[in-house]
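Could you walk me through this model in my viewer, stop by stop? I would like to know what to select next and what I will find there.

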Amino acid sequence: MRFQWLKDYQELDDQIVYLKWNLNKSRLERNRWVYGDLSDVRLEKNSRASSLEEIITKIEQEIELLEEQRTEMLAIINSFKGIENEIVRMKYIEGMKLDDIAEEISYSTSYIKKKHADIRGKLDFLDNYEARNINKQGKLSEIDYYNRQRGENGQITLF
């Protein structure tokens, strides 16, 4: 598959977003046990709540590793030559609009749109890109929302 790198990048990016979402949920749960409504509840030795710090640390390490891989992958992707690679990279990694891509690489908008249509015809997995992107944006919005709601003591209200 000619643009397998894009699919690999999207999968890596989706993993990072999921782990960040999971990290946020784990931190929220930890805050409930430390500061919130569960602070008076006794923890069992082998319960999930008792190992939240370990879980959070593992998730943070996994995110760090995946972000390093994403950085390496972007360096490789940025080295690819050819107009099709540039269009795909700018559109699906950088999130640029086709009009802006045309201006950036000094081609006519109609040529870029036609080239993009040709590319889309070759790439069946791009059909799922939009749905995954909407799901990812929802998770990122949820993370941002809870991070903004955090009080000075690190506690937020879930209700």
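**First stop: the largest pocket**

Begin with α6, which gives the most to the lining of the largest pocket, with six residues. Before you zoom in, bear in mind that this is a predicted model. The pocket itself has a volume of about 280 Å³. To find its middle, select Lys91, Tyr92, Gly95, Tyr129 and Asn133, the closest to the centre among the 17 lining residues. Now colour the helices: α1 (4-34), α3 (83-92) and α6 (129-149) are the elements that give two or more residues to the lining. If you colour the lining by class instead, you will see eight charged, five nonpolar and four polar residues.

Next, let us look for charge pairs. Side chains of opposite charge can pair when their charged atoms come close. How many salt bridges does the count come to? The count comes to twelve.

Select Arg70 and Asp13 to see one of them: their closest N and O atoms are 2.5 Å apart. Arg70 belongs to helix α2 (residues 52-79) and Asp13 to helix α1, so this pair ties together parts that are 57 residues apart in sequence. Are these two residues buried or exposed? Both Arg70 and Asp13 are buried. For Arg70, the relative accessibility is 19%, and the cut-off for buried is under 20%.

Glu67, at 26% relative accessibility, counts as partly exposed.

Now extend the selection to Asp13, Lys20, Glu67, Arg70 and Lys136, which are linked in a network of salt bridges. Which helix holds Lys136? Lys136 is found in helix α6, the helix that gives six residues to the lining of the largest pocket. Lys136 is buried, its relative accessible area being 14%. Show the surroundings of Lys136 and, leaving aside residues up to four places away in sequence, you will find that it touches Asp13, Asp14 and Val17.

Move on to Arg30 and Glu53. Their side chains meet in a salt bridge, at 3.3 Å from N to O. Arg30 sits in helix α1 and Glu53 in helix α2, 23 residues apart, and the pair links distant parts of the chain. How accessible are the two partners? Arg30 is partly exposed, with a relative accessible area of 21%. Glu53 is partly exposed as well, with a value of 46%.

The structure holds three aromatic pairs, and we will visit Tyr18 with Trp21, then Tyr107 with Tyr111.

The ring centres of Tyr18 and Trp21 are 5.8 Å apart and the ring planes meet at 35°, so this pair is tilted. Both residues lie in helix α1, three residues apart, or about one turn of the helix. Tyr18 is partly exposed at 38% relative accessible area, and Trp21 is partly exposed at 22%.

For Tyr107 and Tyr111, the ring centres are 5.2 Å apart and the planes are at 20°, so the pair is stacked. Planes count as stacked when they are under 30 degrees apart. Tyr107 is partly exposed, with a relative accessible area of 42%, and Tyr111 is partly exposed too, at 34%.

**Last stop: Ser106**

Finish by selecting Ser106. Where does this residue lie? Ser106 is in the loop between α4 (98-105) and α5 (109-122). Check its backbone: the phi of Ser106 is near 60°, a positive value in a residue other than glycine.

Note on methods:
Residues numbered from 1 in each chain as written. Predicted model: local features only at pLDDT ≥ 70, side-chain atom pairs only at ≥ 80, totals over all residues. Heavy atoms only, no water. 1 Å grid on protein atoms, 1.4 Å probe; cavity = no way out; pocket = protein on both sides within 12 Å on 5 of 7 lines; lining within 4 Å. Points joined across faces, edges and corners; volume = space filled by probe spheres on them. Helix = DSSP H or I, 4+ residues; strand = E, 2+ residues; numbered from the N terminus. Nonpolar A, V, L, I, M, F, W, Y, C, P; charged D, E, K, R; others polar. Salt bridge = Lys/Arg side-chain N within 4 Å of Asp/Glu carboxyl O. Buried < 20%, exposed > 50% of the residue type's maximum accessible area, 1.4 Å probe, protein only. Contact = heavy atoms within 4.5 Å. Phe/Tyr/Trp six-rings, centres within 6.5 Å; stacked < 30°, edge-to-face > 60°.
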